[in-house]
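Welcome! Take a moment to look over the sequence and turn the 3D structure around before reading on.

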Amino acid sequence: MDLAFEEARAAGAAGEVPVGCVIVRDGAVIARAGNRTLADRDPTAHCELLAIRRAAKALASERLTDCDLYVTLEPCAMCAAAISFARIRRLYYGAADPKGGAVENGVRFFASPSCHHRPEVYGGIGEAEAAVGTRVAAAKITGTTLAAPMPTRAKRFPPIQWKGARCPPLDET
């Protein structure tokens with residue numbers, strides 16, 4: 001996760017939203033990226049998508065089945081879909097994103113019956129550092145002051161088991 005934080009800091013220094021991502025296979029870093037939406041003038045240039053593209057190219061495969069993805073912020077719906085399509089084995093993320101996240105917040109993409117692949121998900125990894133980075137960036141953009149840091153916690157989200165056509169309740173705590 002430290003390398004993902006390095007990518008996030010580099011993205012923040014470049015004026016981007018400070019989110020970083022690293023993809024690892026068998027203990028070796030295959031790809032890494034920070035957000036580049038402003039630099040590339042591309043709304044899809046989130047660090048997860050950039051890293052997935054680089055890893056797929058490096059491995060010459062669109063399936064990253066033996067790979068783990070580390071990202072400093074909970075992935076959005078677009079990135080969660082890409083993680084599913086790439087068949088990422090495990091997802092580790094730092095801070096939860098109540099507004100734009102789609103793993104434990106929002107649409108909860110991996111809990112959807114139409115989700116093709118559900119990675120093992122571990123949230124709250126290095127959450128305090130991740131939350132500070134994103135809050136500092138938000139404060140700069142909005143001109144507000146920082147609130148107190150969020151408590152650190154790690155949480156594992158097990159694969160969802162579906163029974164029948166009904167969706168489970170949203171509060172699976």
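The face of helix α1 turned away from its buried side carries two exposed residues, Asp2 and Ala13; exposed means over 50% relative accessible area, buried under 20%, and partly exposed in between, with a 1.4 Å probe and protein chains only. Keep in mind that this is a predicted model, where local features need pLDDT of at least 70, side-chain atom pairs count only at pLDDT 80 or more, and totals for chains, interfaces and linings use all residues. Residues are numbered from 1 along each chain as its sequence is written, and side-chain values use heavy atoms, leaving out hydrogens and water.

**Helix α1**

- Which residues of α1 are buried? They are Ala4, Phe5, Glu7, Ala8 and Ala11.
- Seen down the axis of α1, these buried residues fall within an arc of 160°, so they line one face of the helix; the arc is that of the directions from the helix axis to the C-beta atoms.
- An α-helix has 3.6 residues a turn, so residues three or four places apart point the same way.
- With 12 residues (2-13), α1 reaches 17 Å from its first C-alpha to its last, close to the 16 Å expected at 1.5 Å a residue; the expected span is 1.5 Å times one less than the number of residues.
- After α1 comes Gly15, whose phi is positive, near 90°.

**Asn35 in its loop**

- You can find Asn35 in the loop between β2 (28-34) and α2 (47-59).
- Is Asn35 buried or exposed? Its relative accessibility is 10%, so Asn35 counts as buried.
- A polar atom of the Asn35 side chain lies 3.3 Å from the backbone oxygen of Val17.
- Beyond its neighbours within four places in sequence, Asn35 is in contact (heavy atoms within 4.5 Å) with residues including Ala11, Val17 and His46.

**The whole chain**

- The protein chain has 4 helices and 6 strands; these are DSSP runs, numbered from the N terminus, with helices (H or I) of at least four residues and strands (E) of at least two.
- From the N terminus on, the order of elements is α-β-β-α-β-α-β-β-α-β.
- Of the 173 residues in the protein chain, 43% are buried.

**Confidence**

- The mean pLDDT (the predictor's confidence in each residue, from 0 to 100) of the protein chain is 85, and 76% of its residues reach 70 or more.
- Over residues 148-153 the pLDDT is below 50, and this stretch has 14 contacts in the model beyond near neighbours in sequence.
- Residues 160-169 also have pLDDT below 50, with 10 contacts beyond near neighbours in sequence.
- Where pLDDT is low, the predicted coordinates should not be read in detail.

How values were computed:
A polar contact is a pair of N or O atoms within 3.5 Å; within protein, one must be able to donate a hydrogen and the other to accept it, and residues adjacent in sequence count only if both atoms are side-chain atoms.
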